Amino acid sequence: MAGIDEVYEMVVRGKTKAVELAVQDALAAGCAPSEILNAGMIRAMDKVGAQFKEGVIFVPEMLMSARAMKKGVEVLRPYLVTGAVGTAGKAVIGTVAGDLHDIGKNLVAMMLESAGFEVIDLGVDVSREKFARAIEKNPDISLVCCSALLTTTLQALRDTVAYLNRASFRRNIKIMVGGAPVTQALADEIGADAYTEDAAECARRAVELVKGQGL
Ligand code: B12
């Protein structure tokens, strides 16, 4: 679909203003918001990642594409977020220590809000202690989501989940983990309650998990 290809191209090239227009055009042409996100923007970030790996582009270009995608998501947000905020429970989310990637984490936060969660977003580079403090301050939190995008920060993910698993509040919360290098096998190994590959599935699973907990 032409509209989505344009979104893809402009994100790859890091053209913030053009992405904004391309997303508006794609919506006006009747493209589904989820398609614009997945086949347009997320596919573009995969291309950008591959180009970085090949040494064709460097960190500044990756950053420009990230900014462009964020702009595109801003335009899409009203079409993706629909739910009544706060009715599914309270969640806390963050990207683990040492990791600055936040696009996927922000999408997860957005989808959780759409599914009715009130979301406390701790941002990026979040220490295990900071996650724990947020839960202690908000005893009504029923869901903790940890994102990790680097193979080098999978250890921080492991440490964070281990730390939360030892805490007295553990039985009141469900822990979800995700991010490109995370797998179901890793999630099982480190003692998280659930892993999903993408943000939309995360929100669906989160609702089930928290309901199952009877909170
Ligand atoms: C954009 C980007 C950056 C930007 C980030 C800007 C930002 N604000 O986020 C910048 C330029 C800062 C950056 C820096 C670096 N990056 Co970078 N980056 C990327 C890139 C191109 C895209 C990431 C992205 O946003 N993807 C799109 C989102 C939507 O996908 P996602 O995050 O995976 O999220 C989805 C799912 O994983 C899931 N999900 C995410 N979180 C969670 C959480 C839960 C609980 C659940 C259930 C699901 C879930 O849902 C999301 C949506 O459906 C990737 C390549 C790639 N394809 O991933 C490389 C990549 C991740 N980066 C890489 C590297 C090496 C780096 C640097 C080390 C480079 C350097 N030499 O400095 C630094 C590290 C900085 C740091 N300390 O974090 C490597 C990692 C390699 C590895 N195996 O570890 C990658 C894979 C590129 C590559 N192919 O080499 N990067």
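Five strands of the predicted model are arranged in an open sheet with the order β2-β1-β3-β4-β5, and their pairing is parallel; helices (H or I, at least four residues) and strands (E, at least two) are DSSP runs, numbered from the N terminus. Two strands are taken to pair if DSSP finds at least two bridges between them. Between β1 and β2, five bridges link the strands in the parallel sense, and Gly89 lies opposite Phe117 in β2. The model is predicted, with local features requiring pLDDT of at least 70 and side-chain atom pairs counting only at pLDDT 80 or more, whereas totals for chains, interfaces and linings use all residues. Residues are numbered from 1 along each chain as its sequence is written, and side-chain values use heavy atoms, with hydrogens and water left out.

Helix α6 (residues 128-137) lies across β1 and β3 (141-147) and runs at about 165° to β3. Helix α9 (residues 199-212) lies across β2, β3, β4 (174-178) and β5, and its direction is at about 165° to β4. Axes are lines fitted to C-alpha atoms, for helices over the stretch in contact, and angles run from 0 to 180 degrees between N-to-C directions.

Helix α1 (residues 2-12) packs against α2 at an angle of about 165°, with the axes 8 Å apart. The two helices α1 and α2 are therefore roughly antiparallel (angles under 35 degrees count as roughly parallel, over 145 as roughly antiparallel, 65 to 115 as roughly perpendicular and the rest as oblique). Their crossing is left-handed, a term applied if the near helix is turned anticlockwise from the far one by less than a right angle, with right-handed used if clockwise. Gly3, Glu6, Val7, Met10 and Val11 of α1 meet Ala18, Val19, Ala22, Val23 and Ala26 of α2. By class, this contact of α1 with α2 comprises eight nonpolar, one polar and one charged residues; Ala, Val, Leu, Ile, Met, Phe, Trp, Tyr, Cys and Pro count as nonpolar, Asp, Glu, Lys and Arg as charged, and the others, Gly among them, as polar.

Helix α2 (residues 16-28) also packs with helix α4 (residues 59-80), at an angle of about 30° and with axes 8 Å apart. Helices α2 and α4 are therefore roughly parallel, and α2 passes α4 in a right-handed crossing. Thr16, Val19, Glu20, Val23, Gln24 and Leu27 of α2 make this contact with Arg67, Ala68, Lys71, Gly72, Val75, Leu76 and Tyr79 of α4.

Met10, Val11 and Val12 of α1 and Ser65, Ala68 and Met69 of α4 form the contact, which has five nonpolar, one polar and no charged residues.

The cobalt atom of the ligand has His101 (NE2) as its only protein donor, at 2.3 Å. Donors are N, O and S atoms within 2.8 Å of the metal (3.2 Å for Na, K and Ca); water is not among the atoms, so sites may look incomplete. His101 is located in the loop between β1 (89-95) and α5 (103-114).

Technical notes: Contact = heavy atoms within 4.5 Å.
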